[in-house]
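These entries record what I looked up, beginning with a cavity and ending with a pair of helices.

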Amino acid sequence: MNIVIMGVQGSGKGTQAKKLAELKGWKHINIGQLFRAEMSGGTATGKEAKQYVTNGELVPDELTFRIFANAAPFNSSNLILDGFPRSVAQSKYLLEHYQIDKIIVLDLSEAEAVKRISARRNCSKCGRDYNTLYKKPQKEGICDVCGGELVTREDDKPKEVQRRIDIYMEQARKLLDFFEGKVKIVSIDASQGIDEIFSLLVKEVDSLQ
Ligand code: AMP
């Protein structure tokens with residue numbers, strides 16, 4: 001079983017994908033996180049990806065496929081895909097090499113997405129994510145787990161946020177057109193709280209099993 005979770009930045013797709021992976025014991029593949037790990041590790045891949053990630057642009061497919069296939073070998077299953085695919089070429093690649101059972105879209109308005117993204121913080125040491133509105137750390141500005149300093153990602157800064165949302169909206173329309181009739185697509189209202197969204201998400205996944 002393989003699931004793709006889609007949703008505009010701020011829809012909670014990363015949080016939901018991670019919770020689902022923990023519940024089911026499946027592998028959560030967050031491609032943005034994989035790029036950031038390569039970047040903070042200073043690897044050659046990280047160096048190549050850096051200019052795109054810090055500008056909020058999609059990393060070229062060739063590099064993205066390399067990092068994706070490394071995390072999820074062809075035909076593997078029990079994957080929860082978060083942030084991949086983001087282009088029609090990536091979608092074709094995905095259907096060629098993996099079975100995809102369902103696409104779950106977390107639906108959120110642009111205005112709510114901007115509000116949520118502006119509140120996001122990440123630990124500068126371990127990468128854990130927080131949100132000053134919905135997922136506050138116990139101590140302001142400090143990671144609950146490792147004590148690292150919480151920072152705003154370059155691409156979560158206001159000038160990048162609207163651009164990333166515009167990119168997502170345009171890409172999402174193209175992806176959903178491409179997948180229509182090929183893979184089952186369902187939507188969940190992501191303006192709800194984390195627990196409400198999660199229970200709907202689990203229902204959608206369980207309905208496949
Ligand atoms: P995210 O953490 O999902 O917001 O992704 C952060 C950044 O990683 C994006 O702005 C892109 O630069 C890059 N990225 C994430 N997913 C992809 C993808 N499927 N294809 C190309 N670049 C991606």
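How do the residues of the lining of the largest cavity divide into nonpolar, polar and charged? I found 8 nonpolar, 3 polar and 2 charged. Here Ala, Val, Leu, Ile, Met, Phe, Trp, Tyr, Cys and Pro count as nonpolar, Asp, Glu, Lys and Arg as charged, and the others, Gly among them, as polar.

I noted that this is a predicted model, in which local features need pLDDT of at least 70 and side-chain atom pairs count only at pLDDT 80 or more, while totals for chains, interfaces and linings use all residues. Residues are numbered from 1 along each chain as its sequence is written, and side-chain values use heavy atoms, without hydrogens and water.

**Cavity.** I counted 1 cavity of 30 Å³ or more (points on a 1 Å grid over the protein atoms alone where a 1.4 Å probe fits but cannot get out; lining residues have an atom within 4 Å of a point). The largest cavity holds about 80 Å³ of space. Of its 13 lining residues, I listed Met-6, Gly-83, Pro-85, Arg-86 and Tyr-168 as the closest to its centre. Strand 1 (2–7) and helix 7 are the elements that give two or more residues to this lining (DSSP runs: helices H or I, at least four residues; strands E, at least two).

**Helix pair.** I then turned to helix 6 (residues 110–118) and helix 7 (residues 158–179), which pack at about 135° with axes 10 Å apart (axes are lines fitted to C-alpha atoms over the stretch in contact; angles run from 0 to 180 degrees between N-to-C directions). Helix 6 and helix 7 are therefore oblique to each other (under 35 degrees is roughly parallel, over 145 roughly antiparallel, 65 to 115 roughly perpendicular, the rest oblique). In contact (heavy atoms within 4.5 Å), Glu-110, Ala-113, Val-114 and Ile-117 of helix 6 meet residues of helix 7 including Val-161, Ile-165 and Met-169.

How values were computed. On a 1 Å grid over the protein atoms alone, a cavity is a set of points where a 1.4 Å probe fits but cannot get out, and a pocket is an open set with protein on both sides within 12 Å along at least five of seven lines; lining residues have an atom within 4 Å of a point. Grid points are joined across faces, edges and corners, and a volume is the space filled by probe spheres set on the points.
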